Amino acid sequence: YQSWAKTLDWLFDDNRFAKEKGWTPGQVGKFTKKAKKLLGVKDEYFICAKLDLINFPESRQYHNPVIMMGTDNSMARALVRHIRNGIAHGKTAIYKEKEELYIEIKDYGKTSGNLSGQTAYLYFPLSYIHKLYELYAEIEKAWAKDRSKTKPPKDKQSA
């Protein structure tokens, strides 16, 4: 339960990629590259494009990890936002696939012309959500460690 508590706390934090926390475009880019590699989604099942170019499946059409989402921000920000939205709005289902629990997430929101429609379809092992959080924490910890090296040393002789 503790690992899920930390993971969900991170997932529902609107400021998870905030500049104030050190998340520069370079840091977010690093997360994006590592997240894509971590998920191991084959290129043909990783679709990040304009919404009118994506044909979202009805449900559980695939039996391997799939990410289909519209582009409007960095891939990492969009991926985490779609996971969060799907969970928060109850648009998820859990299935057993290859002896592992998979989560299916659908996200809906404003599309072109202020119409509401599907903006993402995600299907991957439930454990990936923890792995994404661990990746995020690892990058944030490394950044904090590097930042501490740049702090000026305390002057022991000042009164």
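## Asp107 and the sheet around it

In the sheet, Asp107 has Ala120 of β5 as its bridge partner. Helices (H or I, at least four residues) and strands (E, at least two) are DSSP runs, numbered from the N terminus. Two strands pair if DSSP finds at least two bridges between them.

A quick word on ground rules: this is a predicted model, where local features need pLDDT of at least 70, side-chain atom pairs count only at pLDDT 80 or more, and totals for chains, interfaces and linings use all residues. Residues are numbered from 1 along each chain as its sequence is written, and side-chain values use heavy atoms, with hydrogens and water left out.

### The overall layout

The protein chain has four helices and five strands, laid out along the sequence as α-α-β-β-α-β-β-β-α. Of its 159 residues, 39% are buried, meaning under 20% relative accessible area, with exposed being over 50% and partly exposed in between (1.4 Å probe, protein chains only).

The five strands make an open sheet ordered β1-β2-β5-β4-β3, with mixed pairing. At the edges sit β1 (46–49) and β3, each pairing on one side only. From one strand to the next, the twist averages 15°; axes here are lines fitted to C-alpha atoms (for helices, over the stretch in contact), and angles run from 0 to 180 degrees between N-to-C directions. Helix α3 packs on this sheet, touching β1, β2 (66–70), β3, β4 and β5, and its direction makes about 100° with that of β4.

| Strands | Sense | Bridges |
|---|---|---|
| β3 (residues 92–97) and β4 (residues 100–110) | antiparallel | six bridges |
| β4 and β5 (residues 116–125) | antiparallel | nine bridges |
| β2 and β5 | antiparallel | four bridges |

On to β5, where nine of the 10 residues are buried, leaving the strand mostly covered. Opposite Ile103 you'll find Phe124 of β5, and Leu122 of β5 faces Ile105. Ala120 comes up again too, as the bridge partner of Met69 as well as of Asp107.

### Helix α3 and Asn85

α3 has 14 residues and spans 20 Å from its first C-alpha to its last, close to the 20 Å expected at 1.5 Å a residue; the expected span is 1.5 Å times one less than the number of residues. Its buried residues are Met75, Ala76, Ala78, Leu79, Val80, His82, Ile83, Asn85 and Gly86. As a reminder, an α-helix has 3.6 residues a turn, so residues three or four places apart point the same way. After α3 comes Gly90, whose phi is positive, near 70°.

Why does Asn85 count as buried? Because its relative accessibility is 15%. Asn85 lies in α3 (residues 75–88), and its side chain makes a polar contact of 3.2 Å with that of Asp107. A polar contact is a pair of N or O atoms within 3.5 Å; within protein, one must be able to donate a hydrogen and the other to accept it, and residues adjacent in sequence count only if both atoms are side-chain atoms.

Terms used:
Contact = heavy atoms within 4.5 Å.
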